[in-house]
Amino acid sequence: MDERGAHGDGPGVDGPGVDAVAAVFREERGLLLAALTRRFGDLDLAEEVTAEAIEAALVHWPVDGVPPRPGAWLMTTARRKAVDRLRRDQAYAARLAILQVEADRAGPVPAADADGGLPDERLQLFFTCAHPALAAEDHTALTLRCLAGLTTPEVARAFLVPTATMAKRIVRAKKKIREARIPFRVPGPDELPARLPGVLQVVYSIFTEGYAASSGPRLQRLDLAEEAIRLARILRALLPDEREVAGLLALMLLVHARRDARVTPQDHLVLLQDQDRGKWDRPMIEEGRVLVLAALTGGPAGRYGVQAAIAALHDEAADVPTTDWPQVVALYDVLMTLAPSPVVALNRAVAVAMRDGPAAGLALLDDLADEPRLRSYHPYPMARADLLGRLGRWPEAAAAYREALESAGTEPERAHLRRRLDAIEHGG
Amino acid sequence: MKYLLLINSGAVDDNGGAAECTVADWQAYDEEVRGAGIWVSGESLADLVTATTVRVGPDGARTVTDGPFAETREVLGGFYVIDVPDLDVALDWAARCPGARGSGSVVVRPIADFGG
């Protein structure tokens, strides 16, 4: 078949910029990779020919214009390159053919969707990347690589590790997928409740790393937070009936909406109580609120839906004092039954302090003093320092700020804590 | 695709059997594996006290020692080799194995394919 046949005389004959072409690829890459992995049963081959198809597009499109159906063009090109590769390497082809026969034993191949387009196979890829037989770090790395379309150096930057280290990790994980034959499939209805939380956890961990980087010079890494939201949007489209998917997307949107108010231009941390709420992203909050409703109706609430509802209460309030704290506490009570953890207990204690006063909150925080998981978790001494300060117990507040300084991960957080400590010690 | 299920028993009772399952459990599982048409091979191993270790040194000298004995918590008690389509199916069979219960565990290892 002739490549030019698929080009057409679309707009953009002047030649789109490389950036515009790159944007198309980011959207198409995961779709292509998933469809090709399903078609040929091999993630490596799929990645290789996806990359080659994109290279071909980078050569042709700036000259000939972006074809009317860029995705179909890329798919045709990638498929042809895969067939060429298999013709050249008969042994490889024979191995894949055996794989395919055996995979078909496991379940039927889904038909193309109604409008004749490619079925969206990204859901299978999500479950493969987050397979419990792979390590948690592999889940995140593979998801960023295969579904968010990040390059290996970009994934390495996301993890703050050298590219060579990340390349090794990804190669090792793909080797396990291939050689242990981790299947490319969506778990059946009976397995889905056990497997979906793993996929959601991957997306949420990408987000939390973006929202509150665990280390590094900057407080927020918005690129990662936005990747996570993009991934959740894909999941939401693929699993429209899963309320926890709606809940996770809602939670991330409702938190991400505050990104511009959360740091100063100098990258100083601004606490919720001091944020300029005029800088909050209202359309994003609105989108999140609609999703919270979807997450909380039609069945028992899940942990992401409840966390999203808490975030929505903050986003809806005009300021901290008029926030619906009784409702926030009630939601934390629900969250403690769904996903109990010392961190949830800590957040609940802070909400109780807002509802019933600092002494009540401090008593709950002191109950958590022996929790090993809070020992080097700086929000714990930070919350204690804040409540002790409100009670006028300055020496104890200063000691708690010093404790927080020892475990705070990013420079803006440490700077914030030093300013608070300074204010106490010098009466500023 | 062939997978080896390595059955490790954790706590072992006085008779050397895994504490958490009965002979009837094992018989039922063995019948299921054979009935499903996935059985390639499988054995249960005699008591660890009957084990003997052989090593051959660089000079070709053979060293034979009694044991090893159960110094580690997990003791290989038996294995199956099954032929199933993918890892998920292998993990399902491992999860159904009586040896996976309680303090026991089943390690699933794909059998290497050298394209033969």
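1. A helix's expected span is 1.5 Å times one less than its number of residues. That is a handy check to start with in this predicted model. Helix 10 of chain A, residues 222-238, has 17 residues and should therefore span 24 Å; its end C-alpha atoms do lie 24 Å apart, in agreement with that expectation.

2. Now the core. The largest nonpolar core holds 125 residues, and those touching the most other members are A:Val203, A:Ala228, A:Leu248, A:Ala250, A:Met252, A:Leu254 and A:Ala308. Helix 11 of chain A (residues 243-256) supplies the largest share of this core, with ten residues. Setting aside residues up to four places away in sequence, A:Val203 touches A:Ala228, A:Leu231, A:Ala232, A:Leu235 and A:Leu248.

3. A residue needs 20 or more other C-beta atoms within 10 Å to be buried; A:Trp325 has 19, so it is partly exposed. Beyond its neighbours within four places in sequence, A:Trp325 is in contact with A:Ala351, A:Met354 and A:Arg355. A:Val344, 19 residues away in sequence, sits 15 Å from A:Trp325, C-alpha to C-alpha.

4. Over in chain B, four strands make an open, antiparallel sheet in the order 2-5-1-6. Strand 2 (39-44) and strand 6 (105-110) of chain B are its edges, each pairing on one side only. From one strand to the next, the twist averages 20 degrees. Strand 2 of chain B runs antiparallel to strand 5 (residues 75-83) of chain B, and five bridges join them. Within this pair, B:Trp39 stands opposite B:Ile82 of strand 5. Helix 2 of chain B (residues 87-96) packs on the sheet, where it touches strand 1 (2-9), strand 5 and strand 6 of chain B. The direction of helix 2 makes about 155 degrees with that of strand 6 of chain B.

5. Finally, confidence. The model has an ipTM of 0.82 and a pTM of 0.82. Chain B averages a pLDDT of 87, with 86% of the residues scoring at least 70. Where pLDDT is low, the predicted coordinates should not be read in detail.

Definitions and conventions
Residues numbered from 1 in each chain as written. Chains lettered and ligands numbered in written order. Predicted model: local features only at pLDDT ≥ 70, side-chain atom pairs only at ≥ 80, totals over all residues. Core = buried A, V, L, I, M, F, W, Y, C linked by C-beta atoms within 7 Å. Buried ≥ 20, exposed ≤ 12 C-beta atoms within 10 Å, placed from the backbone. Helix = DSSP H or I, 4+ residues; strand = E, 2+ residues; numbered from the N terminus. Contact = placed C-beta atoms within 7 Å. Pairing = 2+ DSSP bridges. Axes fitted to C-alpha atoms, helices over the stretch in contact; angles between N-to-C directions. pLDDT = per-residue confidence, 0-100.
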